Amino acid sequence: MVYLDNNATTPLDPRVCEKMTEFLKTHFGNPSSLYPIGREVKEIITEARESIAHALGAKRTDIVFTGSGTESDNFAVRGVMNALPEKDEFITSAIEHPAIIETGNYLKTKGKKVTFVPVSPDGIIDIDYLKDAITPRTAIVSIMHANNEIGTIQPIEEIVRIAKDRGVIVHTDAVQTFGKTDVHVDKLGVDLLSISAHKVYGPKGVGALYIRKGTPISPLICGGHQESLLRAGTENTAGIVGFGEAVRVLCERGEKDHRRIANLAESLKKGIEDKIPNIKFNGHGTKRIKGTLNYSFLGLEAEAILLSLGTKDIYVSTGSACSEESEDVSHVLSAIGLKPEIARSSVRMSLGRFNTKEDIDRVLAELPEIVEKLREISGLDPDDL
Ligand code: PLP
């Protein structure tokens, strides 16, 4: 199998699997219990929290575990809006993950003003539009660090400067950058930042939200004393242990992984561009996470390419995992100005830690032929593309 859908999810790292399995076999205690088997689990959770905080350049006390990246995003935006009832405006971008877009749509139904800032054809947010959108009633700006479909990295530091000058809280969804590039809360300057374990070779169903000390935020779930009273409920202990270990491994591998993935992606990019005519690269030339490649194969339906590659055990994606079943054209590709028929011809390939040079060679051996055959079947005249 050649798995090129690492932005949708990543395989569990064997070290993470081992750590979780061992934990599940040996620790059933409730971390809120005061006797030793509970305290021990609490300490293990603290270690995981420490590992994640360290990787983000944060303090342990600033990390709240959640059930997913989606939950972290919802918590950040709704939590701040709820904590600042006198401010009723939320600003985000047109290319966010549905976790933020739909939170914005929900807030609209509650009478809040929500602005979706447009982006350039290469996916960079329109900074002047953002500046104009901020008013004294703006509670929070949420702009993703990198986009999951096209990989474009946003100028978060600049956005933070603009927002801070006007006293506005900033959240970034770093689900797609954490583990792929440097994500440091103080360098970025954000107040809130979302991450998710299953994008970094950890388990599904666990995420985290970084909350800078002093940020006004209302609890997400009320109940017990877990997660500093912000997200009650007995912790997903094994998931948290796995997340901590995944992040420990990330830190250990660091730049090595980034370089290797960037090199593999570069040779895939070059191979595709050399071998396949009439394609369009979607995203920014340089400001992007290097392992994400999104191409429109003009004249074709991406689904046909995806299914043909699937028969060869090569797995890619037509958009974000969350929108895969929807009939609509990707909102991201629409926002960068692609016509619907071009958006529908777009395929995302996202590389990860376990990809090899052989994987790239396999794709480059199969994909050009598949595209050529599909174009032949559809009787396309290359001059019409
Ligand atoms: N934000 C981004 C940018 C994502 O790519 C994803 C997942 O695809 C999420 C949020 C949601 O994360 P989770 O799957 O943990 O809910």
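A residue counts as exposed when its relative accessible area is over 50%, as buried when that value is under 20%, and as partly exposed in between. Asp-132 has a relative accessible area of 67%, so Asp-132 is exposed. You can find Asp-132 in helix 5, which runs over residues 127–133. Please keep in mind that what we are looking at is a predicted model.

While you have Asp-132 on the screen, look across to Glu-235. Along the chain, these two residues are 103 residues apart. How far apart are the C-alpha atoms of Asp-132 and Glu-235? The separation is 42 Å.

Let's move to the ligand. There are 13 residues around the ligand, and the ones that come nearest are Thr-70, Asp-173, Gln-176, Ser-196 and Lys-199. What kinds of residue make up the shell around the ligand? Two are nonpolar, eight are polar and three are charged. Which helix gives the most to this shell? That is helix 3, residues 69–83, with three residues.

Now let's zoom in on some contacts to oxygen atoms of the ligand. For Thr-70, a polar side-chain atom lies 2.6 Å from a ligand oxygen. With Gly-69 the backbone takes part: one of its backbone N or O atoms is 2.8 Å from an oxygen atom of the ligand. His-198 also comes in with its side chain, placing a polar atom 2.8 Å from a ligand oxygen. And how much of the ligand does the protein cover? On its own the ligand has 390 Å² of accessible area, and the protein covers 92% of that.

Next, the surface. Phe-28, Tyr-35 and Ile-37 make a nonpolar surface patch of about 380 Å². Let's pick out Phe-28 from that group. Phe-28 sits in the loop between helix 1 (14–26) and helix 2 (36–56). Is Phe-28 buried or exposed? Its relative accessibility is 72%, so Phe-28 counts as exposed.

Here are two residues to look at if you are learning about backbone angles. Ser-228 has a phi near 50°, which is a positive value in a residue other than glycine. Ser-228 belongs to the loop between strand 8 (207–211) and helix 8 (237–275). With a relative accessible area of 54%, Ser-228 is exposed. The other residue is Asp-313, where phi is near 65°, again a positive value in a residue that is not glycine. You will find Asp-313 in the loop between helix 9 (302–311) and strand 11 (314–315). Asp-313 has a relative accessible area of 38%, so Asp-313 is partly exposed.

My last topic is salt bridges. How many salt bridges are there in the model? The count comes to 21. Let me walk you through a few.

Take Arg-15 and Glu-252, whose closest N and O atoms are 3.8 Å apart in a salt bridge. This pair links distant parts of the chain, because Arg-15 is in helix 1 and Glu-252 is in helix 8, and 237 residues separate them. Arg-15 is partly exposed, at a relative accessible area of 31%. Glu-252 counts as partly exposed too, at 48%.

Glu-252 has another partner: Arg-248, with 2.8 Å from N to O in their salt bridge. Where do Arg-248 and Glu-252 lie? Both are in helix 8, four residues apart, or about one turn of the helix. Arg-248 is partly exposed, with 36% relative accessible area. Salt bridges that share partners join a whole set of residues into one network: Asp-13, Arg-15, Glu-245, Arg-248, Glu-252, Arg-253, Asp-257 and Arg-353.

One more pair before I stop: the side chains of Arg-60 and Glu-50 meet in a salt bridge, at 2.8 Å from N to O. Why can we say that this pair ties together parts that are 10 residues apart in sequence? Arg-60 lies in the loop between helix 2 and strand 2 (63–66), whereas Glu-50 lies in helix 2 itself, so the bridge connects those two parts. Both residues are partly exposed, Arg-60 at 37% relative accessible area and Glu-50 at 40% relative accessibility.

Note on methods
Residues numbered from 1 in each chain as written. Predicted model: local features only at pLDDT ≥ 70, side-chain atom pairs only at ≥ 80, totals over all residues. Heavy atoms only, no water. Near = heavy atom within 4 Å. Polar contact = N/O pair within 3.5 Å; in protein donor to acceptor, adjacent residues only side chain to side chain. Areas by Shrake-Rupley, 256 points an atom, 1.4 Å probe, with all protein chains shown as cover. Nonpolar A, V, L, I, M, F, W, Y, C, P; charged D, E, K, R; others polar. Patch = residues over 30% accessible without salt bridge, like charges linked within 9 Å, V, L, I, M, F, W, Y side chains within 5 Å. Salt bridge = Lys/Arg side-chain N within 4 Å of Asp/Glu carboxyl O. Buried < 20%, exposed > 50% of the residue type's maximum accessible area, 1.4 Å probe, protein only.
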